Amino acid sequence: MTVPLYFSRARLKQDASIRALTPLLLGKTGRGGASQQPGHHLVWSLFADSASRQRDFLWREMAPGTFLILSARPPQNLHGLFELAEPKPFAPALAAGDALGFSLRANPVVRRRSSPNSRGIKHDVVMDAIRSRPSGERASHRLAAVQEQGLNWLGRQGDRYGFALEPNQVQVCGYQQHRIARGRSDKPMSFSTLDFEGALNVRDPEAFLPAIANGFGSAKAYGCGLMLIRRA
């Protein structure tokens, strides 16, 4: 049995009381433009109907205070913070050979083992590719690594989950490093994101659609992994 999914758009209300709270709700922008306190707490508020609830949604912040959400349950605006559009069922009828445009913000990582029996530590694919370079040379090689490693990673996702990237029609159009404060005594969480835009071809809908529901890459609780698709 297929689990129903819902696609929603939520936007922080624009009335005076919410606007006054917006800097606190969305957090400050740190050096390099990376948010110190991203909107995951806000999106969680739409689904946290019990203390034991597990995350069953993906989201992406499209603009400050505006979120697109794919979820297994309709969101509930219990605190009245959002202008929440009526959730729409997400059940695209896809067939092998369909051409789609897509947009994806992802946290692509590679695992490196410190010992044969260890699970491995996650590393940003871009920094992993240039870490052997002298520190003074890394900046000059980063842009090429963003494109090459990003596209290689996404191509592997396609091999695994039933889609193929259209040659010369996909680009990596953004790379950002993020630091998230987790408490005074805890070390901040760090991760990087790549933004992809382009076209793909569906090879196996039965593999592709569940992958969209599950999300791509890591850091899904922090706004990564949601692939937005449209008919080409």
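Of the 232 residues in this chain, 38% count as buried. Before I go on: this is a predicted model. The chain exposes about 13300 Å², and carbon and sulfur atoms supply 50% of that area.

On secondary structure, the chain has five helices and 11 strands. On contacts, take those between residues at least 6 apart in sequence: 68% of them join residues at least 24 apart.

Now the aromatic rings. How many aromatic pairs does the structure hold? The count is 10. I will go through one of them, Trp-44 with Phe-57. The general point is that a pair of aromatic rings is described by the distance of the centres and the angle of the planes. For Trp-44 and Phe-57 the centres are 5.2 Å apart and the planes stand at 80 degrees. Edge-to-face requires an angle over 60 degrees, so this pair is edge-to-face.

Where do the two residues sit in the chain? Trp-44 belongs to helix 2, residues 40-44, and Phe-57 to strand 2, residues 57-63. They are 13 residues apart, and the pair links distant parts of the chain.

Are these two residues buried or partly exposed? Phe-57 has a relative accessibility of 2%, and the limit for buried is under 20%, so Phe-57 counts as buried. Trp-44 has a relative accessible area of 24%, which makes Trp-44 partly exposed.

One last item on the rings. Which residues do ring pairs link into a cluster? They are Tyr-161, Phe-163, Phe-208 and Phe-216. That is what I have on this model.

How values were computed. Residues are numbered from 1 along each chain as its sequence is written. This is a predicted model: local features need pLDDT of at least 70, side-chain atom pairs count only at pLDDT 80 or more; totals for chains, interfaces and linings use all residues. Side-chain values use heavy atoms; hydrogens and water are left out. Helices (H or I, at least four residues) and strands (E, at least two) are DSSP runs, numbered from the N terminus. Buried means under 20% relative accessible area, exposed over 50%, partly exposed in between (1.4 Å probe, protein chains only). Contact means heavy atoms within 4.5 Å. Accessible areas come from the Shrake-Rupley method with a 1.4 Å probe; for residues, only the protein chains shown count as cover. Rings of Phe, Tyr and Trp (its six-membered ring) pair if their centres lie within 6.5 Å; planes under 30 degrees apart count as stacked, over 60 as edge-to-face and the rest as tilted.
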